[in-house]
Amino acid sequence: MPPSRQASSGAGIVLLYAPDYEQFRPAYPVYESGSVLGRDPSADIYVPMRTASRHHARIERRGGVWHLSDLGGRNGTIHNGELVTEAVLAHLDEIRIGSAIFKFVESDVEGYAHYRIDGAYFEDPDSSREVRTRTSTSRIVGGYQSQLLAGRLREIARSELSVLILGESGTGKEIFAEQLHDWSGRRGPLQAVNCAAIPAALVEGELFGHRRGAFSGAERDRMGIIRAAHQGTLLLDEIGDMPLEAQAKLLRVIQSKEIMPLGAAQPEPVDVRIVAATHRDLDALQQKGAFRADLFARLNEYSITLPPLRERKEDIFSLCVALATRHGRQEVRPSMAFMASLLHHDFPYNVRELEALIKRWAATARGPEIDVEDLSDEIRSRMRTYGARSSASLPPPADAARTTLIPEDKAALSADEGAYAPKGALPPRTSPDEKVLRELLVQQRGNVAAVARELGRDRTQVHRWIRRYNMNIDEFR
């Protein structure tokens, strides 16, 4: 193609949801010089739906910055939940064109192009005929990001490497550990222990077991969790909360491959593969002296970090289907308003929060349809201003009357209530400096929703600022 029409290196948009998603490609690269999105088949990015205009919006790079411009589409262009005429695009920003919702990525769009939101896999993304259902990983549900991590685990599954799985609470660390064990071929079972749930005084007995008479009340031998995992896998969940004394004893077990039950005269050999998981910042804990560096070195022979759900929203539809099945519902049909609401939410509790929502719906006696009445109060509250015109947007065009919500959303959303603007709200087109954001996070004890209310911004935007300043939200909680 001519240089002026060359796609940028890795930038593009990824489909998050559309009612007829099978008619879309999973992802589309964008041109540096500009890509037009619209219903016209000649558009750079073809949006095959009546709710999109022939030439609806444009994405282009100007002065090193990506911009989204509305081209007069009859239903308007929505950027991060706000109706805009033009907006600056950042990584993971959401774009809605008619009934299609995308996210913008600055890199790896070619990887996303292989995975459709329902789990279908395209060997050749340029040929829709070559589509097949991806070989199931049994437990791990999701597209490009999830399968990339799953592939990394599979490569080392049959090794003896200790594995450290990092990620926020609710991102699925235990699921990845279970899948790793399945792939490992180890003959023994997977045994999991929540290091944060065992009182410090009982950790040694829980892990190593005891002999009869080892202490008052020890009327019989008890096998510890490590011995129960012999020839299998030991998952140490929330390893960052393990007491220092127990850390020292665990290190000896890993080094010697022996355990000493309480009251035993001789150590016992044990063969376990160690997998540790935590949402804590182990580097910061080491600096504070709360986590042993030598234990970290032993546990960190191989590590992966699971992205939060807000960074992999392309998985939300397939997760809804999988979670519905898990809770006894073989069919689920989400409404457009329901999916728009989920995709606008940033899921602070990750997949665990989504599962709670699906579980509540599954417990009802209603049919397969899932709609806005099945959303949490918090999600419904956030949708009250969805589709409102951004105060940071350029002035609306003369035909601004066309910028209305598409019909299927009107029953669920109240876009005419205006944006929330508290006293401390930031002026349009501004962001807090690092000091101000840090002070707010300290005041609110890491509650991102509270900080967003103070600033008059969406929580997703606050998360972007946290990433921009390279902050760790756990430090403030």
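Modeller: Let me begin with burial: a residue is buried under 20% relative accessible area, exposed over 50% and partly exposed in between, with a 1.4 Å probe and protein chains only. The model is predicted, so local features need pLDDT of at least 70 and side-chain atom pairs count only at pLDDT 80 or more, whereas totals for chains, interfaces and linings use all residues. Residues are numbered from 1 along each chain as its sequence is written, and side-chain values use heavy atoms, with hydrogens and water left out.

Colleague: What makes strand E21 largely enclosed by the rest of the structure?

Modeller: Strands here are DSSP runs of E with at least two residues, and helices are runs of H or I with at least four, both numbered from the N terminus. Strand E21 covers residues 272-278, and seven of its seven residues are buried, so the strand is largely enclosed. Val-272, Ile-274, Ala-276 and Thr-278 point one way, while Arg-273, Val-275 and Ala-277 point the other way, and all are buried.

Colleague: How do you know which strands pair with E21, and in which sense, parallel or antiparallel?

Modeller: Two strands pair if DSSP finds at least two bridges between them. Strand E14 (residues 163-166) is joined to E21 over four bridges in the parallel sense, and strand E18 (residues 232-237) runs parallel to E21 with six bridges. Ala-276 in E21 stands opposite Leu-164 and is also the bridge partner of Leu-236.

Colleague: What makes E4 and E9 edge strands?

Modeller: They belong to an open sheet of five strands, in the order E4-E3-E5-E6-E9, with mixed pairing. Strand E4 (45-46) and strand E9 (86-89) each pair on one side only, which gives them the edge positions. Within this sheet, strand E5 (residues 57-62) and strand E6 (residues 65-70) are antiparallel, with six bridges between them, and Arg-62 has Val-65 in E6 as its bridge partner.

Colleague: Why is Ser-69 called buried, and what does Ser-69 touch?

Modeller: Ser-69, which is found in strand E6, has 9% relative accessibility and therefore counts as buried. Contact means heavy atoms within 4.5 Å. Not counting residues up to four places away in sequence, Ser-69 touches His-56, Ala-57, Arg-58, Arg-62, Thr-85 and Glu-86.

Colleague: What is meant by a nonpolar core, and which residues have the most contacts inside the largest one?

Modeller: A nonpolar core is a set of buried Ala, Val, Leu, Ile, Met, Phe, Trp, Tyr and Cys residues joined through side-chain atoms within 4.5 Å. The largest has 59 residues, and those with the most contacts inside it are Ile-13, Phe-24, Ile-59, Leu-342, Leu-354 and Ile-358. Helix H10 gives the most to this core, with seven residues. A second, separate core of 30 residues includes Phe-208, Leu-236, Ala-276 and Leu-285.

Colleague: How do you know that helix H10 is largely enclosed?

Modeller: Helix H10 spans residues 336-344, and nine of its nine residues are buried, so the rest of the structure largely encloses it. Among the buried residues are Met-336, Phe-338 and Leu-342.

Colleague: Why is the pair of Tyr-28 and Phe-102 called edge-to-face?

Modeller: Rings of Phe, Tyr and Trp (its six-membered ring) pair if their centres lie within 6.5 Å, and planes under 30 degrees apart count as stacked, over 60 as edge-to-face and the rest as tilted. By this rule there are eight aromatic pairs. The rings of Tyr-28 and Phe-102 have centres 6.3 Å apart and planes at 75°, so this pair is edge-to-face. Tyr-28 lies in strand E2 (residues 27-31) and Phe-102 in strand E11 (residues 100-105), so the pair ties together parts 74 residues apart in sequence. Tyr-28 is buried at a relative accessible area of 7%, and Phe-102 counts as buried at 0%.

Colleague: What makes Arg-329 a charge over the face of Trp-361?

Modeller: The rule asks that NZ of Lys or CZ of Arg be within 6 Å of the ring centre and within 35 degrees of the ring normal. Arg-329 lies over the face of Trp-361 at 4.2 Å from the ring centre.
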